[in-house]
Amino acid sequence: DDGPSENTKKIIDILDQYDAKATFFVTGNNKKCNKYIKEAYEKGHTIGLHTYSHDYKEVYSSMDAYFDDLNKIGQMVKEQIGFVPKYIRFPGGSSNTKSASYCKGLMTTLVTEVQNRGYQYYDWNGSSGDGAVRTTEQLVDQATSFHDNNIILLSHDSETKDTTVEALPKIIEYYQSQGYVFKALDLNSYVAHHGVNN
């Protein structure tokens, strides 16, 4: 989530080394790195939409505001890869409670409406914990603590997430040693949906 950035390029290179695929839920917050959206796509990774601004107050002010922002990120991605992806992740996930501060009941409406408009949204059932400031070791410990058959593991590739880049090889090695395969999301993938709290 939250890229592209210079860390996106480092992550793409690490994924290449391990023959691992990922999904990048991108924003419009670092356009000078948009070339990495195209590079990730050309290397077989999935590009998803994470909203253009990632500004809770803006995107969660109304249903129209959310879709205006989603359309904006969709068009930005289309400039890189030639089409608008149908994979989305809500800022904060579908279970976020921040949206209630701006528009009561919005997430309940959005989770249905995005699917009515042909999108699928993806939450996660595992996380590296890199949303907070953590050491590389802490990220590895948390990220490797999940055992479901299908794991959607949340991590971030924004420019401040250097420890995520450092932790990634150990995380990949652990799961590959347990028999897991890293795949990019597609329309047949396992879908993790949180409980909606607004």
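Helices α2 and α4 sit oblique to each other, because their axes make an angle of about 60°. This is a predicted model, so treat what follows as a tour of that prediction.

**α2 against α4**
- Helix α2 covers residues 35-42 and helix α4 covers residues 63-81, and their axes lie 8 Å apart.
- The two helices cross in a right-handed way.
- On the α2 side, Lys35, Ile37, Lys38 and Tyr41 make the contact, while α4 brings in Met76, Gln80 and Ile81.
- Sorted by class, the residues of this contact are 4 nonpolar, 1 polar and 2 charged.

**α2 against α1**
- Helix α1 (residues 6-17) packs on α2 at an angle of about 15°, with the axes 9 Å apart.
- That angle is under 35 degrees, so α1 counts as roughly parallel to α2.
- This crossing is left-handed.
- From α1 come Glu6, Thr8, Lys9, Ile12 and Asp13, and they meet Tyr36, Glu39 and Ala40 of α2.
- Here the classes come out as 3 nonpolar, 1 polar and 4 charged residues.

**The two sides of α6**
- Which residues of helix α6 (residues 136-143) are buried? They are Thr136, Leu139, Val140 and Ala143.
- Looking down the axis of α6, you'd find these buried residues within an arc of 100°, so they line one face of the helix.
- The buried residues of α6 are covered by elements including β5 (126-127), β6 (153-154) and α7 (162-177).

Technical notes: Residues numbered from 1 in each chain as written. Predicted model: local features only at pLDDT ≥ 70, side-chain atom pairs only at ≥ 80, totals over all residues. Heavy atoms only, no water. Axes fitted to C-alpha atoms, helices over the stretch in contact; angles between N-to-C directions. Helix = DSSP H or I, 4+ residues; strand = E, 2+ residues; numbered from the N terminus. Parallel < 35°, antiparallel > 145°, perpendicular 65-115°, else oblique. Left-handed = near helix turned anticlockwise from the far one by under 90°. Contact = heavy atoms within 4.5 Å. Nonpolar A, V, L, I, M, F, W, Y, C, P; charged D, E, K, R; others polar. Buried < 20%, exposed > 50% of the residue type's maximum accessible area, 1.4 Å probe, protein only. Arc of directions from axis to C-beta.
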